[in-house]
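Visitor: I would like to learn how to read surface charge and strand pairing in a model. Can we take one feature at a time?

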Amino acid sequence: MSQKPVVLIAEELSPATVDALGPDFEIRHCNGADRADLLSAITDVDAILIRSATKVDAEAVAAARKLRVVARAGVGLDNVDVAAATKAGVMVVNAPTSNIVTAAELACGLIVATARNIAPANAALKAGEWKRNKYTGVELSEKTLGVVGLGRIGVLVAQRMAAFGMKVVAYDPYVQPAKAAQMGVKLLTLDELLETSDFITVHLPKTPETLGLIGDEALHKVKPSVRIVNAARGGIVDEEALASALKEGRVAGAGLDVYAKEPCTDSPLFQFDNVVATPHLGASTDEAQEKAGIAVARSVRLALAGELVPDAVNVQGGVIAEDVKPGLPLAEKLGRIFTALAGEVAARLDVEVCGEITQHDVKILELSALKGVFEDVVAETVSYVNAPLFAQERGVEVRLTTSSESPNHRNLVTVRGTLADGAEVSVSGTLAGPKHLQKIVAVGDEDVDLALADHMAFLRYTDRPGVVGTIGRILGEVDVNIAGMQVARAAVGGEALVALTVDTSIPAGVLADIADEIGATSARAVNLVD
């Protein structure tokens, strides 16, 4: 049987998608629009690639016992239950920039088509009618284009239509006027935009706040000569209100690519000659589909390799600097060691990062440490996705602190926690040399210098002669070989810490025997591999 991770392709994607995945995966196919086919096919896959027809909801996530990644070859995620995926530790990725040019170009096409009556003139001529006078249009030059939503697509539309000689204004409460001015765009309130625009094009996400934004009230504020284009999301423009405005002559035309309910083949808007309608073609170009497929294939490769993905929508962290990446496994292992030392879930957890690395965004190191903290605490699979949820559910306050100062090490990561009884537990580590050797350099207040290993143990006891020999003897009797050992103490005869690495795991009973014989106040074993 194949040991390769299984990737399920649930909809037709470009051949370049499979090429981008490469030979390291077992590729399967199903009809994602067929619910029964999807639920049976998804049970044992590691990743699923979809477009818009496949619904990955809570039921599908629950059926997918091994699922680690849902990859949407496109922008919208209306068909993915991101919350259910996050709770299950499943990464959700999309291709946010794959179709922005394609979508912008379609919006521009709809603007031109509504201005020049291209669609009805084409239909009339093909029906044998020559109606030049009926389909007289208007020029775009010197007209005002109102862009509702000055995001990536809105900006591209503004740039392209400015080349037609249009004056561009915009409404977007999240864009600073100075930034808009740099693009030659004047920011207005929505009411001002509605009142002054000759053409209005919508480029907003669909949210409870934007649903029905261009509705009956808004359409009573526009010029009767206005033409409205929506190639963003259905429902932002109220279709019933738009039909009434067109019928009453309060709007001169419209270009629509998206609808409140899709597929949409019957709408009152389709009866108007001055409405250009297309069946959600915003992302439908060969180039966009290829870009989207390649982008999510690369994301799947990264995710299944255990790396973070910049396009993951439910993972904090974003793009990871190259200098930060080597610290991810270190932070995760420190989190696991912390949990072993603490023996319980902390009430508060601090991840402290010091040194040169802090010139970069190190938020991801907090997430990696948190992943390690819960690795041996919960029965569920812990991932970068759901680790924050486990902390939240258990009432753990998590903080990240950074400092460019690190007197003894180039970079230092510390996982420090306050337990329920007020006691504090901490472990610090660093990366040494060009090969990034992972080392523990402190446990609590004691300095150590020990390379991380798969099997470790930490014992605290009262300093006295013979303890090291006793530990070696007992481990030797059960054929456990010591690979490295460090003893740290604050004062002769005071509390001491012994940290050791061994070649194989120490049986729980053996560790208890050592603790009894040396009078250890605590004895903890850490196994970073099964």
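Visitor: Which residues gather in a patch of negative charge on the surface?

Guide: Keep in mind that this is a predicted model. Here Asp 19, Glu 105, Asp 286, Glu 287 and Glu 290 form the negative surface patch.

Visitor: Which helix gives the largest share of the negative patch?

Guide: Helix H12, residues 286-304, does, with 3 residues. Glu 290 sits in helix H12.

Visitor: Why does Glu 290 count as partly exposed?

Guide: Partly exposed is the class between buried, under 20% relative accessible area, and exposed, over 50%. Glu 290 has 40% relative accessibility, so Glu 290 counts as partly exposed.

Visitor: Now the strands. Do E15 and E16 run parallel or antiparallel, and how many bridges join them?

Guide: Strand E15 (residues 411-418) and strand E16 (residues 424-432) run antiparallel, joined by 6 bridges.

Visitor: How many residues lie between E15 and E16 in the hairpin?

Guide: There are 5. In that turn, look at Gly 422, with a positive phi of about 90°.

Visitor: What is the sense of pairing between E16 and E17?

Guide: Antiparallel, over 6 bridges, with strand E17 spanning residues 437-443.

Visitor: Which residue in the turn between E16 and E17 has a positive phi?

Guide: Gly 433, at about 75°. E16 and E17 form a hairpin with 4 residues between them.

How values were computed
Residues are numbered from 1 along each chain as its sequence is written. This is a predicted model: local features need pLDDT of at least 70, side-chain atom pairs count only at pLDDT 80 or more; totals for chains, interfaces and linings use all residues. Side-chain values use heavy atoms; hydrogens and water are left out. Patches are made of residues with over 30% relative accessible area and no salt bridge: like charges are joined within 9 Å, nonpolar side chains (Val, Leu, Ile, Met, Phe, Trp, Tyr) within 5 Å. Accessible areas come from the Shrake-Rupley method with a 1.4 Å probe; for residues, only the protein chains shown count as cover. A salt bridge is a side-chain nitrogen of Lys or Arg within 4 Å of a carboxyl oxygen of Asp or Glu. Lys and Arg count as positive and Asp and Glu as negative; His and the chain ends are not counted. The place of a charge is taken as NZ of Lys, CZ of Arg, CG of Asp or CD of Glu. Helices (H or I, at least four residues) and strands (E, at least two) are DSSP runs, numbered from the N terminus. Buried means under 20% relative accessible area, exposed over 50%, partly exposed in between (1.4 Å probe, protein chains only). Two strands pair if DSSP finds at least two bridges between them.
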